[in-house]
Amino acid sequence: MAKVFRSWDVDQGWLLPPSLHEFVPPGHRAHFVRDTVREALDLSAILDTYTEERGYPPYHPGMMVALLLYGYSRGLYSSRQLARACEERVDVMAVTGLNRPDFRTIAEFRKRHLVALSDLFVQVLRLCRAAGLVEFAHVAVDGTKLKANASRHKAMSYGRMKTAEPALAAEVDAWLERAREADAAEDQAHGAGRRGDETPDWMADKQRRLEAIRAAKAALEAEAADPPDPEDENGPGASSGMRWQGRPLRGDDGSPPDRAQRNFTDPDSRILPTRDGFVQGYNGQIAVDAAHQVIVAHRLVTNSADYRALVPLVDGVRAHLRRKPREVSGDAGFANEANLVALKERGITGYLAPGRARHGEADAAGRRRLTKMPLMSAMAARLKRAGRRSRYRLRKQVVEPVFGQIKQARGFRQFLMRGLEQVRGEWAMICTAHNLLKLAQADR
């Protein structure tokens, strides 16, 4: 007797249309994200921009928002990936209702409404609080380096610009002179009305590179002439604009130092140190509630220093949720006397590591330094006295796993957009998608 198999007739037509709710199992994240956007989020900031009554009807903004947030929660970030998923993945079809926007439509929607999409972070965070996912007992802060949409090999130092500009200018001038001589010879041979006066193709790239170097050189000189942005250059002596993290922002003559660099692809990005070397990127900083690893505040800057992020992150929690956390922990990058004073003024118990432990090795210089900072000295003594029972130990199990979920589980390691404001909006969407997943897990 032959074995009987289940039917596999790919040519069979459907007598009745299928339900979108049957595309994926009940309780799937696609249903949750779609229904949350439809029923719980206020999209008036996006909807109100559609005022033109004429023209072909656009895709529903709610569907586009749901597509972006669901894509970010599943590790789909580029517009081409999302457009392909609309045609190939049934879970995405359950979100879009079988709509298939092309990648240009998705990219333009995200770019046009990036500010409004960033503001959805607060709405989702308040939903998390209403669901009991935020308890304010302990909040951990940290930062991570993320690659920009630019290569660090596309950056050039100011010193190199000073030598490359005249060399390229001389080379371009020589080409122009040869082009003029060739034009004169062709005019004599073929007549003045014949073609032959165009700029040679082999000269175009060098000419554009010379223009880019001159623009970048002028931008570095402008930065040296003006006071630095406190959001960007926030190291010791930043108020005078002379140093950043111990490195000079200006030369002795007021011009940029030779080591100052600027990237031609994304000028706002910076070369930042990481454990695996240097990357061209940004520093994404977050505050995470210990109860369910919900991101309660986020921030993104262009330098590797974290200590100035503590107060904005803590104040951001209060601004978003009208309540401050009872405890805040952070690694040595956040620890200084001013931050401990700020936490004390706000009535928050801080657990900030004063410095890396030396495993019992005496550090007389360090002790002398801490004696001039009473709060840092008291913090060092408190953490040492508590040992393995210190609340500081919560930091690693609260904030670092969130970075692991974002960068490893969902594969976000490089921004798609360029420019500081654009990248900040993209970082806000990443944090919003993370909180949506936490909310979905609590809903089960």
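Reader: Helix H10, residues 310-321: how many residues does it have, and how far does it reach?
Author: Helix H10 has twelve residues. It reaches 17 Å from its first C-alpha to its last. That is close to the 16 Å expected at 1.5 Å a residue. Keep in mind that this is a predicted model.

Reader: Which residues in H10 are buried?
Author: Leu310, Leu313, Val314, Gly316, Val317, His320 and Leu321.

Reader: Where do those buried residues sit, seen down the axis of H10?
Author: They fall within an arc of 155°, so they line one face of the helix.

Reader: New topic. How many salt bridges are there in the whole structure?
Author: A search of the whole structure finds eight.

Reader: Which residue does Asp91 pair with?
Author: Asp91 pairs with Arg89. Their closest N and O atoms are 2.8 Å apart.

Reader: Is Asp91 buried or exposed?
Author: Buried. Asp91 has 7% relative accessibility, and the cut-off for buried is under 20%.

Reader: And what about Arg89?
Author: Arg89 counts as partly exposed, at 29% relative accessibility.

Reader: What does Glu327 form with Arg391?
Author: A salt bridge, with the closest N and O atoms 2.9 Å apart. This pair links distant parts of the chain, 64 residues apart. Glu327 is in strand E9, residues 327-330. Arg391 is in the loop between helix H13 (374-386) and helix H14 (394-398).

Reader: Glu327, buried or exposed?
Author: Glu327 counts as buried, at 14% relative accessibility. Arg391 is partly exposed, with a relative accessible area of 34%.

Reader: Where do Arg424 and Glu421 lie?
Author: Both lie in helix H16, residues 420-443. They are three residues apart, about one turn of the helix.

Reader: Why do residues three or four places apart point the same way?
Author: Because an α-helix has 3.6 residues a turn.

Reader: Last one. Which residues do salt bridges that share partners join into one network?
Author: Asp142, Arg395 and Glu400.

Note on methods
Residues are numbered from 1 along each chain as its sequence is written. This is a predicted model: local features need pLDDT of at least 70, side-chain atom pairs count only at pLDDT 80 or more; totals for chains, interfaces and linings use all residues. Side-chain values use heavy atoms; hydrogens and water are left out. Helices (H or I, at least four residues) and strands (E, at least two) are DSSP runs, numbered from the N terminus. The expected span of a helix is 1.5 Å times one less than its number of residues. Buried means under 20% relative accessible area, exposed over 50%, partly exposed in between (1.4 Å probe, protein chains only). The arc is that of the directions from the helix axis to the C-beta atoms. A salt bridge is a side-chain nitrogen of Lys or Arg within 4 Å of a carboxyl oxygen of Asp or Glu.
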